[in-house]
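Hi there,

Here is the structure I promised to pass on to you. Have a look at it first, and then read on for my notes.

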Amino acid sequence: MNLRPRFLAIALLCVAILAGCSSASRPLPADALIASAPTPPAITPVSLTPLVPIYAAGTEVAGVPIGGMTTVEAEAALTAALAERVTPVQLVAGENATTIEPSSINLRPDVPAMLAAVQPALGSDQPISAPLQLAFDQAAVREQVMTFAAVSASEPELTVITSTEVLSRSFAYLPRRAIDLDRSLEIVSGLLSRGQLADPIFLTRWPTKPPRASFAQLAEQLEAIADAWDGVIGVYLYDLATGTEVAVNARTVFSAASTIKTAIMLYGYTKLPAFSERQWESMRAMIIDSDNLAANDILAAGAGGTDTETAFRGAEQMSDMLADLGLDYLHLYIPFEALDFIRLYNVKFRCGPKDPVGEPPYAETGCALRATPYAMGQLYRMIDECARGEGVLLEQFDLLNPDRCQEMLDLLAENADDTRMVAGIPDGVRVEHKSGWIEHTQADAGIVRSPGGDYVLAIYVYKPLGDQWAWPDAVLGGAIADVSRLVYTAYNPVRLDTLPAGETP
């Protein structure tokens with residue numbers, strides 16, 4: 001067996017092992033070590049969030065930069081920088097001005113509100129800008145504006161205007177002007193909160209509710225008209241809201257003329273529970289067109305008949321009714337246009353005492369048909385009370401109720417005469433009235449429902465005839481219109497900047 005090849009292989013293996021051990025123990029050169037070392041990874045810088053957030057760079061409040069500041073730092077910076085932006089406030093209204101000191105209303109920068117507006121920029125990289133805001137004591141501002149409103153208001157100026165005609169008089173006024181308190185507070189508060197203090201705050205003064213003439217002023221002007229009249233003017237006014245009366249020759253006795261037809265209407269309502277078609281036609285013709293024969297029909301119907309003799313009885317019954325109501329010198333003892341009937345049949349009739357009667361000054365009246373402004377005014381007052389569910393008429397007459405009394409007022413409002421009392425009143429104003437006229441006397445009485453107040457008004461005008469057969473409507477009726485206009489403008493004065501051409505204060 002040949003063992004030589006095996007020994008040779010074993011010997012070579014041992015040599016190889018010894019060689020390996022020898023090279024492992026020998027040190028390597030330095031450059032070899034560096035070249036063989038692994039390359040470390042790249043380090044990326046990390047931005048750490050501050051413990052206290054700050055506002056983004058470029059953030060501003062009211063022009064003050066606060067970027068990079070904390071909330072506490074920003075609050076201190078704004079408080080210091082904006083203090084000088086709080087200045088006195090000037091209010092102006094018309095020729096009036098006042099200055100409000102900041103301390104009087106606790107005016108100050110509203111730092112919390114402004115910082116709240118830039119809150120999204122805190123701890124962010126997105127800058128925000130916010131405008132100036134101021135805080136103040138709202139109650140103190142209201143007090144300041146209220147004080148200025150009182151000081152800056154202009155008082156109304158009431159005067160009497162006249163035209164070239166002697167009797168034409170009207171109350172007129174320059175309106176009171178004052179700021180609107182609520183609107184002014186809204187304007188002032190808005191400008192204050194936005195810090196717009198550099199310029200004065202101008203507040204508009206608006207015209208306020210028109211004034212009313214006092215009853216004493218009205219009485220003075222009515223007396224002036226009566227004194228200027230060549231005859232006798234009697235006026236009675238009753239204010240339906242207050243019960244105040246104004247009387248000028250109100251108890252002078254005049255011829256009632258057709259104003260008595262209001263009393264005839266009332267008489268018919270107290271006697272008839274319902275009207276036939278013909279009676280209602282007569283009632284309307286009497287009030288709307290002042291039809292005399294229609295008035296006689298109502299007198300007769302109230303007395304239970306249809307003829308002239310019954311109308312005489314109705315006239316007496318109506319006059320007694322008025323006397324029972326305490327209305328002195330208000331009566332009609334004979335029907336209208338009955339003189340021929342009296343002469344033909346030699347009719348005996350009641351008659352009052354001969355002129356002069358009542359209180360001075362005196363007018364021509366006749367003995368059968370009379371009225372005073374006071375008594376006629378009271379009659380309208382009673383009807384109005386009845387329509388409102390109260391008063392003597394409801395107490396004394398079973399056939400009356402508020403609806404029937406309102407029906408009377410509605411009928412009076414249809415009166416077609418617009419040449420006397422209505423001529424002194426603007427279109428569209430409700431007037432419940434009845435007028436009347438004869439040769440030397442004209443009259444109109446009723447209720448005026450005006451924007452400035454409701455009132456009863458009775459006007460009687462007498463002018464001696466002299467050599468005249470009768471005075472034209474333009475003379476006597478014009479005087480009634482003048483008185484009516486004066487009374488209406490006492491309740492509703494005319495603005496001086498809207499005067500008709502030709503009239504002067």
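Below are the notes I made while going through the model.

First, a reminder that this is a predicted model, so please read everything below with that in mind.

**The chain as a whole**

The protein chain has 505 residues, and 43% of them count as buried. Its secondary structure comprises 16 helices and 21 strands. If you take the contacts between residues at least 6 apart in sequence, 66% of them join residues at least 24 apart.

Let me start with α5 (residues 138–152) and α6 (residues 181–193), whose axes come within 10 Å and cross at roughly 130°. That angle makes α5 oblique to α6. As for its hand, the crossing is right-handed. On the α5 side you will find Q138, V141, R142, V145 and M146, and these meet L181, D182, S184, L185, V188, S189 and L192 of α6. Sorted by class, the residues of this contact are seven nonpolar, three polar and two charged.

The next pair is α13 (residues 373–387) with α15 (residues 402–412). Here the axes come within 7 Å, and the crossing angle is roughly 130°. The two helices are therefore oblique to each other, and α13 passes α15 in a left-handed crossing. From α13, the residues Y380, I383, D384, C386 and A387 take part, meeting P402, C405, Q406, M408, L409 and L412 from α15. By class, the contact of α13 with α15 has nine nonpolar residues, one polar and one charged.

How do α8 and α11 cross? Their axes come within 10 Å at an angle of roughly 95°, which makes α8 roughly perpendicular to α11. The α8 residues involved are A263, I264, L266, Y267, T270 and K271, while α11 contributes G314, Q317, M318, M321 and L322. The contact of α8 with α11 divides into seven nonpolar, three polar and one charged residues.

Is T310 buried or exposed? Its relative accessibility is 7%, so T310 counts as buried, the cut-off being under 20%. The T310 side chain makes a polar contact with the side chain of D307, at 2.3 Å. Setting aside neighbours within four places in sequence, T310 is in contact with L299, A300, A303, G304 and G305.

The other one is Q221, in helix α7 (residues 215–228). With a relative accessibility of 12%, Q221 also counts as buried. What does Q221 touch, once residues up to four places away in sequence are not counted? The list is V160, R169, F171 and L486. For V160, the separation along the chain is 61 residues, and the C-alpha atoms of Q221 and V160 are 8.6 Å apart.

**Backbone details**

One runs from D355 to P356, with omega near 0°. The other runs from P360 to P361, with omega near -5°. P356 is found in the loop between α12 (339–345) and β17 (369–371), and P361 is likewise placed in the loop between α12 and β17.

A62 has a positive phi of about 50° although it is not a glycine. This residue sits in the loop between β1 (60–61) and β2 (64–65), and A62 is buried, with a relative accessible area of 9%. A257 also has a positive phi of about 50°, again without being a glycine. You will find A257 in the loop between β15 (254–255) and α8 (261–271). At 4% relative accessibility, A257 counts as buried.

That is what I have for you.

Best wishes

Conventions. Residues are numbered from 1 along each chain as its sequence is written. This is a predicted model: local features need pLDDT of at least 70, side-chain atom pairs count only at pLDDT 80 or more; totals for chains, interfaces and linings use all residues. Side-chain values use heavy atoms; hydrogens and water are left out. Axes are lines fitted to C-alpha atoms, for helices over the stretch in contact, and angles run from 0 to 180 degrees between N-to-C directions. Helices (H or I, at least four residues) and strands (E, at least two) are DSSP runs, numbered from the N terminus. Angles under 35 degrees count as roughly parallel, over 145 as roughly antiparallel, 65 to 115 as roughly perpendicular and the rest as oblique. A crossing is left-handed if the near helix is turned anticlockwise from the far one by less than a right angle, and right-handed if clockwise. Contact means heavy atoms within 4.5 Å. Ala, Val, Leu, Ile, Met, Phe, Trp, Tyr, Cys and Pro count as nonpolar, Asp, Glu, Lys and Arg as charged, and the others, Gly among them, as polar. Buried means under 20% relative accessible area, exposed over 50%, partly exposed in between (1.4 Å probe, protein chains only). A polar contact is a pair of N or O atoms within 3.5 Å; within protein, one must be able to donate a hydrogen and the other to accept it, and residues adjacent in sequence count only if both atoms are side-chain atoms.
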